[in-house]
Amino acid sequence: KNRKPFYDGHSLPPAPWPHLPLVGSLFCHPPTMASLVVVLRRLHAAHGPVVSLWVGSKPAIFITCHDIAHRALVHMGTTFAHRPATWSSGLNSHGVNSATYGNRWGLLRRNLSSHLATAHVTGVLRSSTDKLVKNLESASAGEDDGVVVAPSETFRHAVFGFFAALCFGEGVGEDTLRRLRGLHAEIIPLIVELDAFHLMPVFLQVVCYFPRWRKLLSAQRRHHVLVTTMISACRRRREEGVGPDVAQPRCYVVTLLGLGLGEDEMVSLCWEYMNASVKTTTTELEWIMARLVLHQDIQQKLRKDIASRRASGNHTMTCGGRRRRPFVEAVVLEALRLHPPAHYLLAHTTDKDVTLDNYMIPKGSIVNFSVASIGRDATLWTDPDVFRPERFVEGGEGSGVRCTTGGSDSGPETMKMIPFGAGRRACPGAGIAMTVLQSFVEDLVRRFDWIPVASGVEASIDMAEKPGIITEMRVPLRARLVTVRQNDVLL
Ligand code: HEM
């Protein structure tokens, strides 16, 4: 049963009814992402693009329409740029994401954005892709008809190594990296999914976290010790002028050292850097390669495009005087449209009561936007469920999309998909994520033929989703990899 609730005489977006004082509407479904998705789908089908749930006595409003999202995140950008307050003192508490919209947030965000914009990624990217290709080659070597691999772990290792080099410098040993990865793998599953979206009333947070509290504290403590040691080592390498990274521009830790932050703040920011970058990028890489296995024709077309660009020596060919989007970029964008790693943004809130689409959004409400529904909206995209990278080439229906500028430079047509969010809180890592994904995909396709493991292509790849903070493949990708012979490697 649903109904339109009221606040101060104004109508709020429709919500399930009734809701209970402490738990809100969460009693009507188990507190998991999977059940949240089902409840929201039902509510949107019944009531349209703006609906709400109750988190205790606070409304949580969900928006599935790109036009309304554009109005909120871009036109009313400063009003919606706030994050809900939290009582938790976990690893995220001093990050850019959790910072209140204001001076501290501005300082940290500018620092991160300028580090990412000026980081000399070419060398680090080269060595990461080389290692990735070598690892896969050693798995498939000597077999003419290739071997079946499950590459997720190799992808994760390469992406982690890349971002760790940008964060802590290139002088970090393999053993330290392995321990850091282990701690990330230990901590992430202990985070309650709905809590990450601020959808757990305090009462339920206590219930859910109680059994895992000790494990979480212990892992966080070990993470703190390891990261402070890594920060000290990075500082020492700089002061003494030793190690492979001293000639490089500053890694993230060095930029943080210049801000005069405390130890807890630095550890939290390093956690955020690695946590925000690795799982998102790795998951997307897996979705992209799954699509290329499923669509052999697109894989061939991509291989040809890479070859012709490399042969012409012009990596950014032009079309009518304008830069032509390389096909690999179109492939990555199409995968981000259909399979965004984050199906929802991080929780936003407002600093005052506002009206949006004739509904009242009370100050302090949780506000979120459905990234996946916008990307698959049949009113915005023809055949939205079809994987068709050509949409993103010059003149295609997706050519106006601006994923990496936060959509803030023009109208709602730039926001027909928002895998990185939009407006003031849009992902500052969007540009580097696009660079990394294109570079990895290009090398993976240049060096290997990615073939379905069984003859029935559809049957051999399960494209089902595993709902979560990050939506991964329910069944990890498996593919037959055939190494392209040296003579045939595309330049
Ligand atoms: C495919 C890769 C990535 C995806 C899909 C992605 C997606 C997102 C999304 C959806 C948001 C929330 C935006 C909002 O709440 O409005 C976000 C925020 C954020 N992302 Fe990313 N991200 C990716 C990679 C990265 C990387 C590489 C970094 C940094 C190295 C990064 C750092 C951040 C930070 C710090 C925020 C919070 C921004 C703020 O609150 O001001 N992300 N990202």
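In what order do the three strands of the open sheet lie? In this predicted model, the order is β7-β16-β13, and the pairing is antiparallel. Strands of a sheet pair through backbone hydrogen bonds, either parallel or antiparallel. Two strands sit at the edges: β7 (147-149) and β13 (448-451). Each of these edge strands pairs on one side only. From one strand to the next, the twist averages 40°.

Look now at β7 and its partner. Strand β16 covers residues 479-483. Three bridges join β7 to β16, and the two run antiparallel. Find Val 148, and you will see Arg 480 of β16 standing opposite.

Next, turn to a pair of helices. Two packed helices are described by the angle between their axes and the distance between the axes. Helix α12 spans residues 296-312, and helix α15 spans residues 430-447. Their axes come within 10 Å and cross at roughly 100°. Angles of 65 to 115 degrees count as roughly perpendicular, so α12 and α15 are roughly perpendicular to each other. On the α12 side, the contact uses Gln 299, Leu 302, Arg 303 and Ile 306. They meet Glu 442, Val 445 and Arg 446 in α15. By type, the residues of this contact are three nonpolar, one polar and three charged.

The shell around the ligand holds 25 residues. The closest are Ser 277, Thr 280, Gly 421, Cys 427 and Gly 429. The largest share, seven residues, comes from α11. The shell divides into 15 nonpolar, six polar and four charged residues.

Methods. Residues are numbered from 1 along each chain as its sequence is written. This is a predicted model: local features need pLDDT of at least 70, side-chain atom pairs count only at pLDDT 80 or more; totals for chains, interfaces and linings use all residues. Two strands pair if DSSP finds at least two bridges between them. Helices (H or I, at least four residues) and strands (E, at least two) are DSSP runs, numbered from the N terminus. Axes are lines fitted to C-alpha atoms, for helices over the stretch in contact, and angles run from 0 to 180 degrees between N-to-C directions. Angles under 35 degrees count as roughly parallel, over 145 as roughly antiparallel, 65 to 115 as roughly perpendicular and the rest as oblique. Two residues are in contact if their C-beta atoms, placed from the backbone, lie within 7 Å. Ala, Val, Leu, Ile, Met, Phe, Trp, Tyr, Cys and Pro count as nonpolar, Asp, Glu, Lys and Arg as charged, and the others, Gly among them, as polar. A residue is near a molecule or strand if its C-beta atom, placed from the backbone, lies within 6 Å of it.
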